[in-house]
Amino acid sequence: GGKARVEGWGRVIMKHNNMVPNAHFHKEWQLRVRTWFNQPMRKKRRRTARQLKAARIAPRPVDGALRPVVQCPTVKYNMKQRLGRGFTLEELKEAEMPKKLAGTVGIAVDHRRKNRSVEGFQRNVQRLKEYKSRLIVFPKRAGKPKAGDSDASELATATQFAGKLMPIVGVEGAIEARAITEEEKQTRVYAKLRLERANAKHDGMRKKLAAEAAAAEEDKKN
């Protein structure tokens, strides 16, 4: 076996596949106790920072920009939803929201994200439309409103929105238990998945061969 080299007091540098040192630090344990006496002041400091930020960004919502609802990646978590980075350009276009205007009215935009499902696309478009229906736009210059700004009556009653901005509402569907049918027992699900995967893989080549065969048949007729 290897050797352990001692440097100074209590400092051991291990070499080779030796047993891991299991030192017991029972002496002078009071010197290694971590305290947390600054917790109440940290709480107060965070609260003060939130209040200053809310005053600085008023009358915008305290929670920040509106973000889309997306599915988490990987098979393990793809049934869960979370807030994404920003809305896609296609979602903004469908909701009739110009991409340059979106950032100025509190809507986060992500030009890199792509829509992979119709359900998620429609969900975020509806989210944008609901946000637009509640939106109150203040003019850049007081007393000089432009097209798209809200009426004076709406501006007079507008207040800063506190709390979560359009939080995710989970819909839990009731799952009913039932007996497995004989047809389901005989179904080879894995084999069916493999077949469909193979069909999708060879679809383009099969279409190409069919088109070439059709073209050859036409040449023979001519």
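Among contacts in the protein (heavy atoms within 4.5 Å) between residues at least 6 apart in sequence, 50% join residues at least 24 apart. The model is predicted: local features need pLDDT of at least 70, side-chain atom pairs count only at pLDDT 80 or more, and totals for chains, interfaces and linings use all residues. Residues are numbered from 1 along each chain as its sequence is written, and side-chain values use heavy atoms, with hydrogens and water left out.

The predictor's confidence in each residue, pLDDT, runs from 0 to 100. Its mean over the protein is 89, and 94% of the residues reach 70 or more. Among the elements, α2 has the highest mean pLDDT (97), whereas strand β1 (residues 5–6) has the lowest (48). Where pLDDT is low, the predicted coordinates should not be read in detail.

The protein contains seven helices and four strands, taken as DSSP runs numbered from the N terminus (helices H or I, at least four residues; strands E, at least two). From the N terminus on, their order is β-β-α-β-β-α-α-α-α-α-α. The radius of gyration is 31 Å, well over the 17 Å that the globule rule gives for 222 residues, so the protein is more spread out than a compact globule. This radius is taken over C-alpha atoms, and the rule is 2.2 Å times the number of residues to the power 0.38. Buried residues make up 14% of the 222 residues; buried means under 20% relative accessible area, exposed over 50%, and partly exposed in between (1.4 Å probe, protein chains only).

In α4, G120, F121, N124, V125, R127, L128 and Y131 are buried. They lie on the same side of α4 because they cover an arc of only 155° around the axis, the arc being that of the directions from the helix axis to the C-beta atoms. On the other side of α4, V118, E119, Q122, S133 and R134 are exposed. The buried residues of α4 pack against β3 (69–71), β4 (81–83) and α2 (89–94). S117 caps the N-terminal end of α4, with a side-chain oxygen 3.2 Å from the backbone nitrogen of G120.

Beyond this helix, S150 lies in the loop between α4 and α5 (152–157). S150 counts as buried because its relative accessibility is 13%. The side chain of S150 reaches the backbone nitrogen of V137 at 2.8 Å. Not counting residues up to four places away in sequence, S150 touches L135, I136, V137 and L155.

Terms used:
Polar contact = N/O pair within 3.5 Å; in protein donor to acceptor, adjacent residues only side chain to side chain.
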